[in-house]
Amino acid sequence: MLPELFQLGPLTIYSYGVLLAAAYLLGLRLAMVRAKRRGMDPTRALDLGIYIIISALVGAKLLLFVVDFNQFTRDPAALLSLARSGGVFYGGLILAVLVAIWYMRRHRMPLWTTCDVFAPGIALGHAIGRLGCLAAGCCYGRPTSVPWAITFTNPEAAANVGTPLNVPLHPTQLYESGAEFLILALLLATESRGRTFPGRTFWLYILLYGISRFVIEFFRGDPRGVVFGAFSTSQFISLLIVPISLVFLYRLGRQSRTAAPVDRRARRAG
């Protein structure tokens, strides 16, 4: 792959950074378009998106630091790798959701409708961001003999994030990018079908991502921390958010069904 695109004097332009910037910009652009279509202020959506981007970057790296705490404390020089890696996506997602809830409440934005607006943009941004992981060599897979295995040979990948060189690996970056593109297509294709209600798109995204991430983790080969001696950190979080998403989908859907007859009676009385 190509971890470094080019150099401008002492400044090195990394492929991961370029693709990550593209991921955030395209995801944010999609969210602004969707906000405008729903009668929301796109400028307010832009401001919220910037808060989400900053908190996602911070949260992803914080969780990576927690997961690899022993490594970072044993070798402080390894802290430099935080600047070259994306961190743990779930860390970014969790902190971004918390910051977004605070922002939406402060500015009285509709909670679930706003979450629905941003969900496809998150999927799009994540799909592109994982292509950056592929270029950088991070988030690599386990050794394998499958025909579609990829082999990293660039010494910079090994130096930056410890990527095994000259070993066929599962292309887990492509697995996750492909899964996110499929989730994006599914969200957009089903959004206006069936019984719609605020929060459905967002929690459907959380559900589908949790399932896909749990499965893909079995093919990952990079160190990601272990919980209860059986699950990676991301798998454990998936085990938590999948049932939570099902509960919210059920409750929000039920609330919309019980509210509908009341609305119809109110319209007849009027």
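Q: Why is Asp 222 called buried?
A: In this predicted model, Asp 222 has a relative accessible area of 11%. Buried means under 20%. So Asp 222 counts as buried.

Q: What makes Arg 220 and Asp 222 a salt bridge?
A: Their side chains meet at 2.8 Å, N to O. The cut-off is 4 Å, from a side-chain nitrogen of Lys or Arg to a carboxyl oxygen of Asp or Glu. The pair therefore qualifies.

Q: Why does Arg 220 count as buried?
A: Arg 220 has 4% relative accessibility. The limit is under 20%, so Arg 220 is buried.

Q: Which residues are linked with Arg 220 and Asp 222 in a network of salt bridges?
A: Arg 130, Glu 176, Arg 213 and Glu 217 are linked with them. Within it, Arg 130 and Glu 176 meet at 3.2 Å, N to O. Arg 130 lies in helix H5 and Glu 176 in helix H7, so this pair ties together parts 46 residues apart in sequence. Both residues are buried.

Q: How do you know that Arg 34 forms a salt bridge with Glu 191?
A: Their closest N and O atoms are 2.5 Å apart. A salt bridge needs them within 4 Å, so the pair passes. Arg 34 sits in helix H1, and Glu 191 in the loop between helices H7 and H8. They are 157 residues apart.

Q: Why is Thr 163 called buried?
A: Thr 163 has 2% relative accessibility.

Definitions and conventions. Residues numbered from 1 in each chain as written. Predicted model: local features only at pLDDT ≥ 70, side-chain atom pairs only at ≥ 80, totals over all residues. Heavy atoms only, no water. Buried < 20%, exposed > 50% of the residue type's maximum accessible area, 1.4 Å probe, protein only. Helix = DSSP H or I, 4+ residues; strand = E, 2+ residues; numbered from the N terminus.
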